[in-house]
Amino acid sequence: MNREDAASPENGNDGEARHLARLLPPPVTEDLPPERFRHQKEVLMNHIDADSRRVSPAQPTPRPTSRLLRPALLVPVSAMALAGILAGGLALGTEDRTARATATQGTDGLLHRLSTVALTREAPVVRDDQFLYTRSKVREAEIGSGKAVLSPLTETEGWAPQDPRPLKKIGLTRVNGKDEVSNAQLGDDHGTPAGLSRPTYRWLASLPTDPDELLAYLRAHVRKDAEQETDQIVFEQIGILLGGVLPPETAAALYRAAADIPGVEEAPDAKDAIGRTGLGIAREDTAHGNRTEWVFDKDDYSFLGSRVYRTKDAPYAKAGALLHSTAEIDHAIVDKAGQVPGKAPGSTGKQQSG
């Protein structure tokens, strides 16, 4: 689905249930009688109402994330500063606690709505001999000079093989018309198997669909970093997975798993690499000083992109500096690496950046 020109209109005062109902697929009459479909739809809408009323208590904060820039900046806290922090903590009143609980409830509600909508989407048919095609626009900071220098907006196309076997050629990337083959990861002498670093559709479908089990799996299997919180790494990993083609049950579980990560919150001003604003979900690695945001279309809840920026001054970048941003433009399943949707399988598919 091409999302480059997709608008993100506000939904006005329409009821949430009515809006979500419009996202439901039409009944498939040859498989499901209309009466049965209406019954299933009513059950689903009741589930949405229950989700929107769900109150989730605030949770303590752990974390993981950015593979881009990870300086070890540890700032000692003086006894005076610590006393001030403790005094401020003791001074928190009922209004402050209520505000925090309300914010947590809102984030939890949004992620659960995203999960519920994901379950209504039709599962694609993906064969092991096919490729996931993605087209995105990206900006990222280079710090080779010691200062973060943001690249121009670049169009990137990628083809990820869905073959679950260990592969020595794990993808093809095209940047500004130039092709580059991705080889197996370092240490994978016999090829890189399907997994977190090479998520195939079959592998994604094998993940636990219970949110607690899925979150435990991700925490155990993400690549750890001594300078980052594991929960931030997990949050970023979920965002990477959301940018592809997912089985509906897996997508729903990922949203609910994200809702259980401490520190996740709504981001009203979130925008993607091409400036599209939408519903935002974010998490900040407070120790490292990076904040990662996801952006979703306000109308159909599809994933638009993400961005990472500094929240603290660092030697290479000031607070507020953008480090990485993406905009998801198109994705599809194709038969060959290099094939662009709508073109013949043998086509190189080279095209001008939009």
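I started with the charged side chains and found Glu265, Arg291, Glu293 and Arg307 linked in a network of salt bridges. My criterion for a salt bridge was a side-chain nitrogen of Lys or Arg within 4 Å of a carboxyl oxygen of Asp or Glu. I was working on a predicted model, where local features need pLDDT of at least 70, side-chain atom pairs count only at pLDDT 80 or more, and totals for chains, interfaces and linings use all residues. Residues are numbered from 1 along each chain as its sequence is written, and side-chain values use heavy atoms, with hydrogens and water left out.

**Salt bridges**

I counted 12 salt bridges by this rule. I then looked up individual pairs.

Arginine 291 meets glutamate 265 at 2.7 Å, N to O. This pair links distant parts of the chain: arginine 291 is in strand E8 (residues 290–296) and glutamate 265 in strand E6 (residues 265–266), 26 residues apart. I took helices (H or I, at least four residues) and strands (E, at least two) as DSSP runs, numbered from the N terminus.

I checked accessibility next, with buried meaning under 20% relative accessible area, exposed over 50%, and partly exposed in between (1.4 Å probe, protein chains only). Arginine 291 is buried because its relative accessible area is 10%. Glutamate 265 has 35%, so I logged it as partly exposed.

Glutamate 229 and arginine 283 also form a salt bridge, at 3.3 Å, N to O. Here glutamate 229 sits in the loop between helix H6 (211–221) and helix H7 (230–242), while arginine 283 belongs to strand E7 (residues 279–285), 54 residues apart. Glutamate 229 is buried at 18%. Arginine 283 is buried at 0%.

I also noted aspartate 129 with arginine 127, whose closest N and O atoms are 2.9 Å apart. Arginine 127 is partly exposed at 42%.

**Strand E1**

I listed the partners of E1 (residues 131–142), where pairing requires that DSSP finds at least two bridges between two strands. E1 runs antiparallel to E10 over 10 bridges. Arginine 139 has serine 325 in E10 as its bridge partner. E1 is also antiparallel to E3 (residues 154–161), over eight bridges. With E2 (residues 149–150), E1 makes two antiparallel bridges. Glutamate 142 stands opposite valine 149. In the E1–E2 hairpin, with six residues between the strands, I found glycine 146 at a positive phi near 95°.

**Proline 315**

I located proline 315 in the loop between strand E9 (303–310) and strand E10 (322–334). Proline 315 is exposed, at 55%. Its C-alpha lies 7.4 Å from that of lysine 147, 168 residues apart along the chain.
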